[in-house]
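Here are my notes on the model you sent over.

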Amino acid sequence: MQNFITLEQIDSAAHAIKNRISIQPVVGIILGSGLNGLADSVENAVRISYSDLPNFPVSTVQGHAGRFVIGELEGKPVLVMQGRIHYYEGYTMGEVTLPVRVMQRMGIPNLFVTNAAGGVHPDFEPGDVMLITDQLNLMGMSGLNPLMGPNLDEIGTRFPDMSRPYDSEYCDIARMVAKENGLTLRQGVYAGLSGPSFESPADLRFLRLAGTDAVGMSTVPEVIIARHGNMRVLGLSGISNKANLDGSTLTTHEEVMEAGKVITPKVEKIIRGVLHSL
Ligand code: HPA
């Protein structure tokens, strides 16, 4: 049998973080590609590199710093992941989602997750922000569910419900915050693929038929693990490029990073607004 992450491994990383901080974070925030800037706004920050933690994977992608930033945002204690771990980097699903498990063992009840995504909905434009209202677990449907392996009964049940992956109250607050700030907030379904190749036009037409509004290479496994442990989840996609359903344009990582500059301030406004309401 494959090696799966154990409770002992999770707890050793959780203890290593707890030993270095004096606050109890109430929200874990995962920053997507090009959206790392938000971590610089954290006040009284303690920074811990993933490489300083036992059993911890390190992010290898440009635009992902690879550290936790723990401090305050809007006066609320937060633990920010500046840089996430992706399946396409060669890590196991257990490693990809280990940070969320660590948050759970640290007693953090909320997860705010962000990502860069391709806009599959025809109306979406680069620079838009989409509130994730539901997700398509394409990786899981093809056998890569992060809950495979022995169940961690201390955290959640073997067969967790997924009828509401994204918290409806947090969705309402995010919509209200966007309105108050004059921001257009798109909403829709995020499809998670493994990457790292972008989608072909046929992939994208298939995804659109299946109800996809935005597509990316992350988030879905983290949210499944979060819900297994009953965390409340808010999800935001920054639309970095228009998905290329007819094959007429190219998609590049540079484009994704560039769009992040426009998207970061909008995502920050919404996250601050939701944090403020907690
Ligand atoms: N496809 C998949 N992942 C992405 C994209 C995309 O078009 N843009 C940013 N992340």
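1. Where is the place of Asn 44? Asn 44 sits in strand S2, which covers residues 43-49. Keep in mind that this is a predicted model. For background, most residues other than glycine have a negative phi.

2. Another backbone spot to look at is the peptide bond joining Gly 195 and Pro 196, which is cis, with omega about 0°. Again as background, most peptide bonds are trans. You'll find Pro 196 in the loop between strand S7 (185-192) and helix H5 (201-209).

3. Now the ligand. Its surroundings are made up of Ala 116, Ala 117, Gly 118, Phe 198, Glu 199, Val 215, Gly 216, Met 217, Ser 240, Asn 241 and Val 256. Click through these in the viewer and you'll have the whole list of neighbours.

4. Which residue has a polar side-chain atom 2.8 Å from a nitrogen atom of the ligand? That's Glu 199. Ser 240 also brings in a polar side-chain atom, lying 3.5 Å from a ligand nitrogen. With Ala 116 it's the backbone instead: a polar backbone atom there is 3.3 Å from a nitrogen atom of the ligand.

5. On to helix packing. Two packed helices are described by the angle between their axes and the distance between the axes. Take helix H1 (residues 7-18) and H2: their axes come within 9 Å and cross at roughly 70°. That makes H1 roughly perpendicular to H2, and the crossing is right-handed. From H1, the contact uses Leu 7, Ile 10, Asp 11, Ala 13, Ala 14 and Ile 17, while H2 supplies Leu 98, Arg 101, Val 102 and Arg 105. Sorted by class, there are seven nonpolar and three charged residues, with no polar ones.

6. Helix H2 (residues 93-105) also packs with helix H6 (residues 220-228), their axes coming within 9 Å and crossing at roughly 40°. H2 and H6 are therefore oblique to each other, in a right-handed crossing. On the H2 side the contact is made by Met 93, Thr 97, Val 100, Arg 101 and Gln 104, and on the H6 side by Pro 221, Glu 222, Ile 225, Ala 226 and His 228. The class count here is five nonpolar, three polar and two charged. Note that Arg 101 turns up in the contact with H6 and in the one with H1.

7. The last pair is helix H4 (residues 168-180) with helix H7 (residues 253-277). Their axes come within 9 Å and cross at roughly 120°, so H4 and H7 are oblique to each other. H4 passes H7 in a right-handed crossing. Ile 173, Ala 174 and Val 177 are the H4 residues involved, and they meet Lys 269, Ile 270, Gly 273, Val 274 and Ser 277 of H7. By class, that gives five nonpolar, two polar and one charged.

How values were computed: Residues are numbered from 1 along each chain as its sequence is written. This is a predicted model: local features need pLDDT of at least 70, side-chain atom pairs count only at pLDDT 80 or more; totals for chains, interfaces and linings use all residues. Side-chain values use heavy atoms; hydrogens and water are left out. Axes are lines fitted to C-alpha atoms, for helices over the stretch in contact, and angles run from 0 to 180 degrees between N-to-C directions. Helices (H or I, at least four residues) and strands (E, at least two) are DSSP runs, numbered from the N terminus. Angles under 35 degrees count as roughly parallel, over 145 as roughly antiparallel, 65 to 115 as roughly perpendicular and the rest as oblique. A crossing is left-handed if the near helix is turned anticlockwise from the far one by less than a right angle, and right-handed if clockwise. Contact means heavy atoms within 4.5 Å. Ala, Val, Leu, Ile, Met, Phe, Trp, Tyr, Cys and Pro count as nonpolar, Asp, Glu, Lys and Arg as charged, and the others, Gly among them, as polar. A residue is near a molecule or strand if one of its heavy atoms lies within 4 Å of it. A polar contact is a pair of N or O atoms within 3.5 Å; within protein, one must be able to donate a hydrogen and the other to accept it, and residues adjacent in sequence count only if both atoms are side-chain atoms.
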